[in-house]
Amino acid sequence: MLLAAPRFALPETVAEAVAALAERPGAVLVAGGTEVLPDLLWRRRSAAGFVSLRRIPGLRTVVPGLTLGSGVTAARLQRPDVAAAAPALARSAASLGTPQVRAEATLGGNVVSALPYRNLLPVLLALDATLVLASAAGEREVPFDGFVLAPGQAALRPGEVLTAVRVPVRTGFQDYVKVGRRNAQYVATVSAAVVVDTAERRVRFGFGNAAATPLRLDEADRAATAAVDWSTGAVTLDGAEAVAELVRRGVDPPEDDAATAAYRRHALGVLARRLLLRAGGADDR
């Protein structure tokens, strides 16, 4: 029996969801269920009840600019409007689980899972995304950078609900790549995202499974920015090699049955080099 005393709420507004959560201590928020239900099945967590977010239409909206409701599914992130504004986000969503999982898995679930290997998290870091959180005390916005405190632990205050993710629209190359036993239907052994902002003349990376939390490396970002000829967009091979070395030195990846830390360190350097060369339009081999 998964729940000794199941208590279930189906709010239709964010305010109702916040109230329902306050009335049900120990209840778990659930949207697509692709994070929560496997955890319950494998007894990695318990729940004194559920507050479903599925009937709150405002959480599934996409506002140009770009603001994504936390209930937007991975499948929705692949559509042309999101792909045009945030190509790396669409690419990372495309390799998340199976089509059935992508139809249910939500942006908010990926974020709140706070697991360093989740597909969308390195991209949100590279994009410098902001989270909108609602509670009985009101609404606050926090940068995604720093929101994940440890594997499975996010900086959510008691009673808070993630309602939206604001993603700046950048004018430049974006991409996401991951290494795993398979490209889809398997969590990333390591992953990396790059976002080139031609307006601000800045390159920013995000890395997955490179440490206990999704990781950025300021030194690598500065070196990558310096490696770009901003008048042509070209990237030097030496500059890309230097960035790869900084990444290999800067990461602190886990070691488990999927890969050694040494393998992950090497692979992350390779991914950073390839992404930067692709950004410059060069051969990335």
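Predicted model: local features only at pLDDT ≥ 70, side-chain atom pairs only at ≥ 80, totals over all residues.
Reader: Thanks. At what angle do helix α5 and helix α8 pack?
Author: Helix α5, residues 87–94, and helix α8, residues 120–127, pack at about 175 degrees. Their axes are 9 Å apart. The two helices are therefore roughly antiparallel to each other.

Reader: Which residues make the contact?
Author: From α5, the contact is made by Ala88, Leu89, Ser92 and Ala93. From α8, Leu120, Val123 and Leu124 take part.

Reader: And how many of those are nonpolar, polar or charged?
Author: The contact of α5 with α8 has 6 nonpolar residues and 1 polar residue, with no charged residues.

Reader: Changing topic: in what order do the strands of the sheet come?
Author: The order is β1-β3-β2, in an open sheet of 3 strands with parallel pairing.

Reader: Which strands stand at the edges?
Author: Strands β1 (8–9) and β2 (28–30) do. Each has a single partner strand, so one side of each is left without a neighbour in the sheet.

Reader: How many bridges join β1 to β3?
Author: There are 2 bridges between β1 and β3, the latter covering residues 50–52, and these strands run parallel. Within this pairing, Ala9 stands opposite Val51 of β3.

Reader: What about aromatic rings: how many pairs does the structure hold?
Author: It holds 2 aromatic pairs. In one of them, the ring centres of Phe8 and Phe50 are 6.5 Å apart and the planes stand at 70 degrees, so this pair is edge-to-face.

Reader: Where do Phe8 and Phe50 lie?
Author: Phe8 belongs to strand β1 and Phe50 to strand β3, so the pair ties together parts that are 42 residues apart in sequence.

Reader: Is Phe8 buried or exposed?
Author: Phe8 has 52% relative accessibility and therefore counts as exposed. Phe50, at 13% relative accessibility, counts as buried.

Notes: Residues numbered from 1 in each chain as written. Heavy atoms only, no water. Pairing = 2+ DSSP bridges. Helix = DSSP H or I, 4+ residues; strand = E, 2+ residues; numbered from the N terminus. Axes fitted to C-alpha atoms, helices over the stretch in contact; angles between N-to-C directions. Parallel < 35°, antiparallel > 145°, perpendicular 65-115°, else oblique. Contact = heavy atoms within 4.5 Å. Nonpolar A, V, L, I, M, F, W, Y, C, P; charged D, E, K, R; others polar. Phe/Tyr/Trp six-rings, centres within 6.5 Å; stacked < 30°, edge-to-face > 60°. Buried < 20%, exposed > 50% of the residue type's maximum accessible area, 1.4 Å probe, protein only.
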